[in-house]
Amino acid sequence: MFYPFDETHMARALALAERGLNTTMPNPRVGCVIVRDEQIVGEGWHIRAGEPHAEVHALHAAGPLAHGATAYVTLEPCSHFGRTPPCSDALIQAGLKRVVVAMQDPNPLVAGRGLCRLREAGIEVVCGVLEARARSLNEGFISRMERGRPWLRIKSAASLDGRTALANGQSQWITSDAARADAQHWRARSCAILTGIGTVLADNPRLTVRGIACERQPLRVIVDSQLRTPLDAAVLDAGHALIATAVTDAARFEPYRKLGVDVVSLPDAEGLVDLPRLMQELGQRGLNEVLTEAGPLLNGALIAAGCADALLLYLAPSLLGNGARGMFALPEMDSLQQRQQLHIQEISPVGSDLRILAQFWRRQVAA
């Protein structure tokens, strides 16, 4: 059964899980709080893959006080041996009386087995406390487990009339320093940054996390149908990059591979990169969240192909006019029934700009 204080302690566990926002991939972000006599006696969160899970850290902090206590965990405790032992076994051995879980693990290797093991050991199990918040925290991991592909978020900076650059391409800078700094946090939490060859040739971006502490850099992914990425492009620095192309001649891949850059051929029937197949490829590589920073052509193609899950928009208080470039090059519509509908999650001021988070209706992570 639920108790009034369950949500309070689960909220604390979720806050702990957020501390691993930039570090746990490909694993989910998980927090754990152990409570005895309504007092927190142990806390923990998963820091990075290959290291102890949140439950283990919390049990270590609680010590013998864990016996007869309640554990609040943001994701179902694992029940299989991976790089670490099963957390469900650790909770059983510690003598927990009750375990409250925010959501069942979508990983087929777990998927209810951890909860079943706890119940079989005589532990009271409650599932579904603050589930919507828990799912939002791990939307990328859930997407990869349930759909075999990452959660893709398109980021764009524009004027209030939806323009990202002048007709001559000038775009630096439409939004404020604060908005650009805020965007770095979204880069840091992403497993990969996706862009197109047009952006590479026009801006020569690095697409790295800057200005904030980040112990690893996201994979840089370039959609380049004709394989035109210059070998000295900044985005290829250090080799931590992947080029998706429609070219099938493997001999053309070798100069990139010598730089440590991976190249994958994914042609569609029109000689372009097959974007849904690219999403599946990224999922197979263990990528949970992908942030797209591209031009209107790739942005529009991702939306039209059903690959985009959400938008991250920074809108500046300015107008650039009809001749300036837009955010999304979408096919012309004959009816409003064809429009792409979204759910606004959040509107926040960032410096002098507005940040809008929105999800496409059909790609929302259901609670």
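Me: What makes Arg48 count as partly exposed?
Reply: Arg48 has a relative accessibility of 27%. Buried means under 20% relative accessible area, exposed means over 50%, and partly exposed is in between (1.4 Å probe, protein chains only). The value of 27% therefore makes Arg48 partly exposed.

Me: Good to know! What kind of model is this?
Reply: The model is predicted: local features need pLDDT of at least 70 and side-chain atom pairs pLDDT 80 or more, while totals for chains, interfaces and linings use all residues. Residues are numbered from 1 along each chain as its sequence is written, and side-chain values use heavy atoms, leaving out hydrogens and water.

Me: How do you know that Arg48 and Glu215 meet in a salt bridge?
Reply: Their side chains come to 2.9 Å, N to O. A salt bridge needs a side-chain nitrogen of Lys or Arg within 4 Å of a carboxyl oxygen of Asp or Glu, so this pair qualifies.

Me: Why does the pair tie together parts that are apart in sequence?
Reply: Arg48 sits in the loop between β2 and α2, whereas Glu215 sits in the loop between α8 (197-203) and β9, so the parts they tie together are 167 residues apart in sequence. Glu215 has a relative accessible area of 52%, so Glu215 is exposed.

Me: How many salt bridges does the rule give?
Reply: The count comes to 22 salt bridges. Another of them is the one between Arg153 and Glu139, at 2.6 Å from N to O. This pair links distant parts of the chain, with Arg153 in strand β6 and Glu139 in helix α6 (residues 139-147), 14 residues apart.

Me: Is Arg153 buried or exposed?
Reply: Arg153 has a relative accessible area of 3%, so Arg153 is buried. Glu139 comes to 6% and therefore counts as buried too.

Me: How do you know that Arg285 and Asp262 form a salt bridge?
Reply: The gap between their side chains is 2.9 Å, N to O. Arg285 lies in the loop between α10 and β12 and Asp262 in strand β11 (residues 262-265), so the pair joins parts that are 23 residues apart in sequence. Arg285, with a relative accessible area of 35%, is partly exposed, and Asp262, at 29%, is partly exposed as well. Elsewhere, salt bridges that share partners join Arg29, Glu139, Arg153, Arg189 and Glu289 into one network.

Me: Which strands make up the open sheet?
Reply: The sheet has 5 strands in the order β2-β1-β3-β4-β5, with mixed pairing. β2 and β5 (124-127) stand at the edges because each has a single partner strand, which leaves one side of each without a neighbour in the sheet. From one strand to the next, the twist averages 15°.

Me: What makes β1 and β3 a pair?
Reply: Two strands pair if DSSP finds at least two bridges between them. β1 and β3 (residues 70-73) have 4 bridges, in the antiparallel sense, so they pass that test. In β3, Val73 is the bridge partner of Cys32.

Me: And what packs on the sheet, touching β1, β2, β3 and β4?
Reply: Helix α1 does, and its direction makes about 145° with that of β1. Helix α2 (residues 54-62) packs on the sheet too, touching β1, β2 and β3, at about 140° to the direction of β2. Contact means heavy atoms within 4.5 Å. Angles run from 0 to 180 degrees between N-to-C directions, with axes fitted to C-alpha atoms, for helices over the stretch in contact.

Me: How do you know that the faces of β3 are covered?
Reply: Thr70 and Tyr72 on one side are buried, and so are Ala71 and Val73 on the other. In a regular strand the side chains alternate between the two faces of the sheet. Within β3, Ala71 stands opposite Ile34, and Ala71 also stands opposite Val99 in β4. The strands β3 and β4 run parallel, joined by 4 bridges.

Methods: Helices (H or I, at least four residues) and strands (E, at least two) are DSSP runs, numbered from the N terminus.
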